[in-house]
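Hi,

Here is the structure I promised to pass on. Have a look at it first, and then read my notes below.

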Amino acid sequence: FSFHGIFFLVFISSIYTFVMCNALTSVPTTSCRNDKRVMVAEVMNLLEPYLVTEDSATRSKVRKYVRSACASHQLSPPTRRSSRKRRRLPALDLAQCQLVLEYLEKQFQDETICSILRSCPKILRRDVNNQISPAIEFLRDIYRDHNIVELAIQRNPNLLFVQGVGHHNHEKVADEVESFLLHQVGLSADKVNGLKSSKPLTFQNSARNLEEVCLFFIKILDSIPTSITNKFDKSKYSEKSMKVLRKMIINDPSLF
């Protein structure tokens, strides 16, 4: 064969391989699409008792999320630490939905579960043991009343998505933060209780972290050189600066 003849044979062989590969993969692709439709239908049937009274827009929102979650592996939502590598979440399946619903049914009334699914259908992808359960325990440690926790979650289901829980003693941490706010910052008990109701995540971080942030702001307010001290001591700061600090914590606790 001449050079041109060999080139022509290679070209024809490549086209044949490409066509055959597409033919072989087209059936599984169609099958996968059918499997996805079946999975979406099964999940929606499982959720139906909690969506029966919802309007069409809400049902459409939940179905859209379920369809997307059942499609394939997805990247986890970005965190505040953009440098942290995002992990891949497995595709949503019926078994995972059943686990989540069974756990929620043991914890809350139907009305609360409806509110959670309506506002945050992504709860269906959360790990029960490592994410949902620690979040609920954290909130119960903060509020100290299961009924108040349920009411808070009804109003704001995003409370179930607190980050970093499950790695320490929540009740101890919350007590230390409360003690620091009462005795060092000088907040009243009513103000601290108000923070528990409106901004429970304030009690998620350690008292030491809160102290460091307070120390940073008080040094700025009192024009204290940063190298002077690394421990918060309210007796060394002006009352005017302490009032400003207390107001900052009440008005914008997310800074801390």
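**What I found**

Let's start with L181, which touches G186, L187, V192, L195, F203, L210 and I249, leaving out residues up to four places away in sequence; contact here means heavy atoms within 4.5 Å. Before we go on, a word on the source: this is a predicted model, where local features need pLDDT of at least 70 and side-chain atom pairs count only at pLDDT 80 or more, while totals for chains, interfaces and linings use all residues. Residues are numbered from 1 along each chain as its sequence is written, and side-chain values use heavy atoms, with hydrogens and water left out.

Which residues touch the most other members of the largest nonpolar core? They are L47 and L181, out of 62 residues in that core. Helix α5 (residues 128–143) gives the most to this core, with eight residues. A nonpolar core is a set of buried Ala, Val, Leu, Ile, Met, Phe, Trp, Tyr and Cys residues joined through side-chain atoms within 4.5 Å. Helices are DSSP runs of H or I, at least four residues, numbered from the N terminus.

L210, one of the contacts of L181, is among the buried residues of α9, along with F217 and I218. Buried means under 20% relative accessible area, exposed over 50%, and partly exposed in between (1.4 Å probe, protein chains only).

Just after α9, S223 takes a positive phi of about 55°. S223 sits in the loop between α9 (207–221) and α10 (239–251), and S223 counts as exposed because its relative accessibility is 65%.

Cheers

Key
Helix = DSSP H or I, 4+ residues; strand = E, 2+ residues; numbered from the N terminus.
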